[in-house]
Amino acid sequence: MTTADEFRALHERSEPFLLPNPWDAGTARLLAGLGFEALATTSLGVANVVGRTRATRAEILANCREIAEATPLPVNADLENGFADDPAEAAKMIEAAADAGVAGASIEDFTGDSRTPIYDIGLAADRVRAAVETARARSVVLTARCENLWLGVGDLADTIRRLQAYEEAGADVLYAPGLRTLAEMRAVVSSVGKPVNVVMGFADPAITLEQLAGIGVRRVSIGAALSRLALKSFMDGAREMRAGRFGFVADLPPVSELQEFFG
């Protein structure tokens with residue numbers, strides 16, 4: 001069984017699986033050592049590493065390869081909008097990610113232009129269709145994302161219409177970042193026939209995995225939340241150090257505890 005087959009099978013189980021988002025080889029190996037079954041890249045996590053608000057196409061692909069090579073686990077690639085408006089050009093990003101060793105990849109309908117942030121639904125569906133064609137040729141699980149909600153376009157009905165169009169275009173998994181409540185998640189899951197990914201980085205943190213399973217969610221990711229959490233700890237420690245105090249040292253894990261995962 002290939003890693004793509006393993007990844008697809010995870011979506012077919014009756015219970016959801018957790019898909020954490022490392023940002024380098026070290027965090028990938030830590031997550032694998034903790035028993036997670038698959039990993040996902042995070043483009044914002046890559047941007048955080050390079051100290052910019054957005055990573056480049058080359059940086060994202062290099063990160064895909066780094067994480068895919070770090071462990072034997074299936075990896076889903078966050079490829080943003082494919083770094084192109086044209087469907088065929090955007091689909092080339094799927095091809096490049098497959099060459100980097102990923103088992104899954106996502107394509108989103110965010111244009112990158114704050115003035116007109118979401119592609120017209122017809123063009124967006126064409127982009128998914130082209131991405132699906134490439135993904136199938138390379139045995140990659142294709143996730144189609146509707147970016148409405150996290151961009152502040154608070155139209156759940158339009159979000160569902162778009163996800164339905166992406167399902168019709170052949171997407172294997174559907175994903176709408178920015179769903180916050182269990183009721184919103186239930187509305188999406190009940191409106192489509194393909195597995196749904198929910199990202200908990202934007203959601204009510206009181207929601208449990210058991211509740212997500214109860215409404216039929218099949219995949220649960222966290223986006224750049226672990227990267228942001230790590231950077232918060234870094235900044236808290238740095239601020240304490242800048243103030244001349246070093247209490248944070250008492251909370252450090254032993255070096256051996258980390259290195260047992262690195263080999």
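Trainee: Which residues does Ser227 touch, not counting residues up to four places away in sequence?
Mentor: Trp23, Gly45 and Asn48. Touching here is contact, meaning heavy atoms within 4.5 Å. Before going on: this is a predicted model, where local features need pLDDT of at least 70 and side-chain atom pairs count only at pLDDT 80 or more, while totals for chains, interfaces and linings use all residues. Residues are numbered from 1 along each chain as its sequence is written, and side-chain values use heavy atoms, with hydrogens and water left out.

Trainee: Where does Ser227 lie, and is it buried or exposed?
Mentor: Ser227 lies in helix H10. Ser227 is buried, with a relative accessible area of 2%. Buried means under 20% relative accessible area, exposed over 50%, and partly exposed in between, using a 1.4 Å probe and protein chains only. As for the labels, helices (H or I, at least four residues) and strands (E, at least two) are DSSP runs, numbered from the N terminus.

Trainee: How many residues apart along the chain are Ser227 and Asn48?
Mentor: They are 179 residues apart along the chain, yet their C-alpha atoms are separated by 7.7 Å.

Trainee: Which residues of helix H3 are buried?
Mentor: H3 covers residues 43-50, and its buried residues are Ser43, Gly45, Val46 and Ala47. They pack against helix H4 (57-70), strand E3 (75-78) and helix H10 (225-242). Just after H3, Gly51 takes a positive phi of about 75°.

Trainee: New topic, the sheet. What is the strand order?
Mentor: The order is E1-E8-E7-E6-E5-E4-E3-E2, an open sheet of 8 strands with parallel pairing. Strands E1 (17-19) and E2 (39-40) stand at the edges with a single partner strand each, so one side of each has no neighbour in the sheet. Two strands pair if DSSP finds at least two bridges between them.

Trainee: How many residues of E4 are buried?
Mentor: 5 of the 5, so E4 is largely enclosed by the rest of the structure. Gly104, Ser106 and Glu108 are on one side and Ala105 and Ile107 on the other.

Trainee: And which residues of E5 point which way?
Mentor: Val141, Thr143 and Arg145 point one way from E5, Leu142 and Ala144 point the other way, and all are buried. E5 (residues 141-145) is thus mostly covered, with 5 of its 5 residues buried.

Trainee: How many bridges join E4 and E5?
Mentor: Strand E4 (residues 104-108) and E5 pair in the parallel sense over 5 bridges. Gly104 stands opposite Val141 in E5, and the bridge partner of Glu108 is Arg145. The chain crosses from E4 through H6 to E5 in a right-handed β-α-β crossover. A crossover is right-handed if, with the strands pointing away from the viewer, the path from the first strand over the helix to the second runs clockwise.

Trainee: How many bridges join E3 to E4?
Mentor: 3, and the strands run parallel. Asp78 stands opposite Ser106 in E4. E3, H5 and E4 make a right-handed β-α-β unit.

Trainee: Now helices. At what angle do H5 and H6 pack?
Mentor: H5 (residues 87-99) and H6 (residues 121-137) pack at about 40°, with their axes 8 Å apart. Axes are lines fitted to C-alpha atoms, for helices over the stretch in contact, and angles run from 0 to 180 degrees between N-to-C directions.

Trainee: Who makes the contact?
Mentor: Residues of the contact include Ala91 and Ile94 of H5 and Ala130 and Thr134 of H6. By class, the contact of H5 with H6 has 9 nonpolar, 1 polar and 3 charged residues. Ala, Val, Leu, Ile, Met, Phe, Trp, Tyr, Cys and Pro count as nonpolar, Asp, Glu, Lys and Arg as charged, and the others, Gly among them, as polar.

Trainee: Which residues of H6 meet H7?
Mentor: Ile121, Ala124, Ala125 and Val128 in H6 meet Arg161, Arg162, Ala165 and Tyr166 in H7. This contact has 6 nonpolar, no polar and 2 charged residues. The H6 and H7 axes come within 9 Å and cross at roughly 35°.
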